[in-house]
Amino acid sequence: MDSQTLGTLDAVATAAAVREGRISARETVQAALARIEERNGPVNAFTVVRAESALAEADEVDAVGPSADRPLAGVPIVVKEEYDVTGDVTTLGGAGNSTPRTADSEVVRRLRAAGAVIVGRTTMPEFGQFPFTESLATGVTRNPFDLDRSPGGSSGGSAVAVATGMVPVALGADGGGSIRIPASACGLVGLKPTRGCISVAPLSQHWYGLVVLGGMSRSVRDSALLLDVISGSTPVDRWSVPPPREPFAAVAAREPGTLRIAWSTKCVTPGVDTDPEITAATEQVARALVRLGHRVHRTAPRWPVATDAFLPQFYGGMAAEAGQVEHPERLEPRTRQTARLARWATPRVVERAIRRGERVAAAVDARLLTDADVFLLPTMPKLPPPVGLLDGMDAVRAQVATLPYVANTVLTNVSGHPALALPAGLSASGLPIGVQLIARRGEEGLLLAIAAQIEASRPDFWPGVATP
C-alpha cells in the first residue's frame, strides 16, 4: 500500500494488517512520516517529528513478529506536548522546560506495550490554558478545513494531525473542553473520559482533577480501541474508577438497546447564544436518534453552576505548572500574568472547590441524567473563530474572549462525567460542527455504542480527511 492509501485506514485496520503480516510496522510509519512531510506545512500541527526514533521503534514491533497480539501493532500515533516521552522535552506548549524526560508517562508506556509507534509531538497553547492552539514558542496551528480559522484547543495539534490523515489517532488532554473542542472544530470523535478512568502518572492529579487524558480519532471503533489500551489507574493516581466489565470495543460494537435521550441547545453558560447552524445540526442528530428507536425529548435544563468550582482548580493548576517548569522566566507574559493572578487559589481554596465539584456532579445526575440515560448538546455554541482572536489581549481579557467556546464543555470537567464529541456535519461555509453526548460516570461504553450507531446510520455527519 502507498502512503495515501495507508492514510485512509483507521487504527483498527492498520493494526490488523500489521498483525496479519500484510504490511510491516516500518511501512506504516514510513507512510505516516511521508504524509507529515507533505501536509504539515500549512497547518503547523507538530512541534517534533520523531522520524529516526519512530522507525527504530517500528523495527522493534516488526521484530516481535506479525502474529503478536498487539492491538495497536504498527499504528503511528502522536501525543500532545504534555505527555512524557523518553528522550523528549515535555514543553507544555512553551519554552519553560529544556531537559529531556528519562521515562515515559504511564499512558505512553501502555501505547508502546500495545505496539503503537510515537511518530511525533503536537502543538498546544502554553499550559493548555486556551481553547485555541497558538503560542509564542510554536506559532499558529490552523484548521485544515479553513486555514484562516482555529482548530480549537488546547489539543489542536493532535486534532489537526488526525483530521488531515497524517495519523489515525492522537492523544490529547481535556481540562475545560481541550479534547472535545478541537474534535468538534476538526470533524473528529473525541472522548473526555470519567475522571480517574485513565492514569495521569507520573502526576497524581492534573489541574486538581479538571484535566483528564484521552484521544481523538476519525472512527468510533478507533476511539473504543484506544480507550481499551490506555484506560486504568495506578497507585499514584488520586482518582480512580473500577475497570470496565468488558472491553470498550466490544460494547461499542453492540446495539445499546432503547435509551432515554434528552437534548438541548440551551447553552450551559448564561448569556451565550447558540449559533443557528449549530442548533440545526444538533436537531439533525436528535432526529437520527429517534429513527434509531430511542426515546428522545427536548428540554431546557436548569444547568448546574460550575464556575465557582472550576476557577479555583484552573488557577491552582496554572500556578502549580508555573512553579514546576525549569525556566519560569521563559514563560509567555500572559502565562506569567495568570500565575500571578492565581495567588488566591491556595491549597485550602482548591480543596474546597473540589468538594464543590462533587455537589455539581450530584446536580448533573439529578437534573440531567435521572430522566435520561444520555444527554445531547452542542460541543461548542459557536463555529471555530478566526486565528489570532487573542492577539494583544492580557490574561483576563483573553479568558473572557474564550468564554463562548468553552461554554458547554467546562461543566463535565468539574463534575468528572464522561463526554464524547462526535461530528454532526458541516456549516454552510464548510466548517465542521460537533455535538457531545454526556452519560453517568463510568459509562464510556454506552457513549461509544450510541456514537457507533450514529456513525453507521449517518456517515454523512463525518466530514472525512481534510486537505489543507
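## Crossing of α11 and α12

Helix α11 passes helix α12 in a left-handed crossing, meaning that the near helix is turned anticlockwise from the far one by less than a right angle (clockwise would be right-handed). This is a predicted model: local features need pLDDT of at least 70, side-chain atom pairs count only at pLDDT 80 or more, and totals for chains, interfaces and linings use all residues. Residues are numbered from 1 along each chain as its sequence is written, and side-chain values use heavy atoms, without hydrogens and water.

The axes of α11 (residues 307-324) and α12 (residues 333-341) come within 8 Å and cross at roughly 120°. The two helices are therefore oblique to each other (angles under 35 degrees count as roughly parallel, over 145 as roughly antiparallel, 65 to 115 as roughly perpendicular and the rest as oblique). On the α11 side, F314, Y315, M318 and A322 meet T335, T338, A339 and L341 of α12, where contact means heavy atoms within 4.5 Å. These residues divide into 6 nonpolar, 2 polar and no charged.

## Helix α8

Of the 11 residues in α8 (residues 220-230), 9 are buried, so this helix is largely enclosed by the rest of the structure. Buried means under 20% relative accessible area, exposed over 50%, and partly exposed in between, with a 1.4 Å probe and protein chains only. Among the buried residues are D222, S223 and L226. Just after α8, G232 has a positive phi of about 115°.

## Helix α5

In α5 (residues 106-113), the buried residues include E106 and R110. The buried residues of α5 pack against α8 and the strands β2 (76-80), β3 (117-122), β6 (169-174) and β8 (212-217). G115 follows α5 and has a positive phi, near 95°.

Key. Axes are lines fitted to C-alpha atoms, for helices over the stretch in contact, and angles run from 0 to 180 degrees between N-to-C directions. Helices (H or I, at least four residues) and strands (E, at least two) are DSSP runs, numbered from the N terminus. Ala, Val, Leu, Ile, Met, Phe, Trp, Tyr, Cys and Pro count as nonpolar, Asp, Glu, Lys and Arg as charged, and the others, Gly among them, as polar.
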